[in-house]
Amino acid sequence: MEDFQTNSRKEASAQGEEYTFLGDASRESLDGVSGSGSFSELEHYSYFDGAEMIRSLNLPADARRMGEKLYRQGLVDDMEVTTGYERHGQSSEMVGEAVWNAKIGRTQFQTTVMFTRASVSKAQCGCPKCRKKFGDYGWYYGGISKCEYVAAVLFGLREYLKTHNVGDATDREACILMNTYRLKRTNQLVADKTAKEQSLTLKPRLVKKNSQLTVSFKIGMGKLFVIKQLDEFCEHVRNASSATYGSNTEINHRRSNFTGESLKWLRFIERIVQEEEEFGQRLEHATRNRYFYHISASVGGSLNLFGWRLDELYNELGDGTVEYEDRDAEKTKKQMLCRGEGNPRVTMEIEEAELPEKKEQQSWIDQIFSEKSNRKEFHGIQVKGSFPELFFGMSSAYYVDQDTLRRSEPGFQEKIEDLIRLAGGHETFSFRIGRNSMSEFYYQVLPTLRDVV
């Protein structure tokens, strides 16, 4: 059978059930309303039509007669009826499933009928006759059993629906929506019962690894725990639900539980997670039809910092400090960083260029008396430079200077972008200027670098 999302394991009887009416309508007034039916009719409402299901299946006469006999013997009274939605089906309408674990003499087997509002969509029976006819896979190719045991289940289902309020016209989308609100309401009630002036703290942590700057977060009240999946964290916040951190620390993620300082980091996380999820969806969609497999991107516990993300983190840091860990150092270095401004120190050294001398094929006598062998020609200059490791926002460069995360002054990034491009992702650059190009370099290029080098 196809995957089936169940609403309830077994529907409760409608008899004796309490009903809540919208408005001020009473039992007596409803019984007296013309055209609206009696209270009894409302009380025994049935969305699924069992009689129409039997007609839709067009059972053989023998199977119908023998199935009704099995039903009247009370053999299907213990069948289980559930409702739900097909997980991978195209239709969003509610469907039902009736399962009977049959025991006829010494023979035991299962009969399953899946149904829509007024028809049978699948019927699978494990009796000897059906197993011989359909084998193990016949039902997967549209086969539907029409034996007496399927008939018995349908007759039992028809009577069951008369006394049990099973399902309604709620579609899958509405069910998902209401379940979400139901979960939020339940979590809210739980949080209200256990409310004790919670002050949830979110703390960012910067990590430099492989020349990339990332941020992760810790959460807690007093003791802080690393958030391992930021997308799941955001889902908990949306649903105001609880999760366990460490071995047994349970934290409720209701937004009002966060401190004012932590709310700004919460919004920061939510923006980036949304961006990452949208990128992942585009990537998955792009690869789904091109390859036999598709790429599914998920958000982990750390977020790459670049562009607007880095700018916003710097702005939100304010007068506070942030934990920093440099994993590229020979020995992992941990410290606290405050924020500051200033341009990084860019150095440049100019010296005479040395070209590898061309070794000419000369005799030792020619080399001794050769005037050229004792003369060194000037070919140009070698320029070498370096700057600290830089991380780039939208229009500013950032770098770590001792215990400070510094942001460059306006215009600095534009002035050194050509040198950065020349370095190709490294912290050093080197190039050679020939003697015929030196005048242009000294008079046109060096003056533009004077303020930053």
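Guide: A residue is called buried when its relative accessible area is under 20%, exposed when it is over 50%, and partly exposed in between, with a 1.4 Å probe and protein chains only. Helices (H or I, at least four residues) and strands (E, at least two) are DSSP runs, numbered from the N terminus. This is a predicted model, in which local features need pLDDT of at least 70 and side-chain atom pairs count only at pLDDT 80 or more, while totals for chains, interfaces and linings use all residues. Residues are numbered from 1 along each chain as its sequence is written, and side-chain values use heavy atoms, with hydrogens and water left out.

The strand to look at is S19, residues 428-434. In a regular strand the side chains alternate between the two faces of the sheet. In S19, Phe 429, Phe 431 and Ile 433 point to one face and are buried.

Two strands count as paired if DSSP finds at least two bridges between them. S19 belongs to an open sheet of 3 strands, in the order S14-S15-S19, with antiparallel pairing. S19 and strand S14 (347-352) are the edge strands, each pairing on one side only. From one strand to the next, the twist averages 20°; axes here are lines fitted to C-alpha atoms, for helices over the stretch in contact, and angles run from 0 to 180 degrees between N-to-C directions. The partner of S19 is strand S15 (residues 380-386), and the two pair in the antiparallel sense over 7 bridges.

Turning to charged side chains, a salt bridge here is a side-chain nitrogen of Lys or Arg within 4 Å of a carboxyl oxygen of Asp or Glu. The count by this rule comes to 21. One network of salt bridges links Lys 208, Asp 326, Asp 328 and Glu 389. Lys 208 is found in strand S6 (residues 201-209). Lys 208 counts as buried because its relative accessibility is 7%. A polar contact (a pair of N or O atoms within 3.5 Å; within protein, one must be able to donate a hydrogen and the other to accept it, and residues adjacent in sequence count only if both atoms are side-chain atoms) of 3.3 Å joins the side chains of Lys 208 and Asp 328. Taking contact as heavy atoms within 4.5 Å, and not counting residues up to four places away in sequence, Lys 208 touches Leu 213, Tyr 324, Glu 325, Asp 326, Arg 327, Asp 328, Glu 389 and Phe 391.

Two of those neighbours, Arg 327 and Glu 325, meet in a salt bridge (2.8 Å, N to O). Arg 327 is partly exposed at 37% relative accessibility, whereas Glu 325 is buried at 7%.

Other salt bridges lie within helices. In helix H8, Arg 238 and Glu 235 are 3 residues apart, about one turn of the helix, and their side chains meet with a distance of 2.5 Å, N to O. Arg 238, at 43% relative accessibility, is partly exposed, and Glu 235, at 36%, is partly exposed as well. In helix H12 (residues 412-423), Asp 418 and Arg 421 are likewise 3 residues apart; the closest N and O atoms of their salt bridge are 2.8 Å apart. Asp 418 and Arg 421 are both exposed.

Two loops follow. Most residues other than glycine have a negative phi, and most peptide bonds are trans. Ser 211, not a glycine, has a positive phi of about 60°. Its place is in the loop between S6 and strand S7 (212-221), and Ser 211 is partly exposed at 39% relative accessibility. Ala 240 has a positive phi of about 55° and lies in the loop between helix H8 (230-239) and strand S9 (242-245). Ala 240 is buried, with a relative accessible area of 10%.

Finally, the cysteines. A disulfide is a pair of cysteine sulfur atoms within 2.5 Å, and a search of the whole structure finds 0. For Cys 127, the closest cysteine sulfur is that of Cys 130, at 3.5 Å, which is too far for a bond. Cys 127 is buried at 2% relative accessibility, and Cys 234 is buried at 2%.
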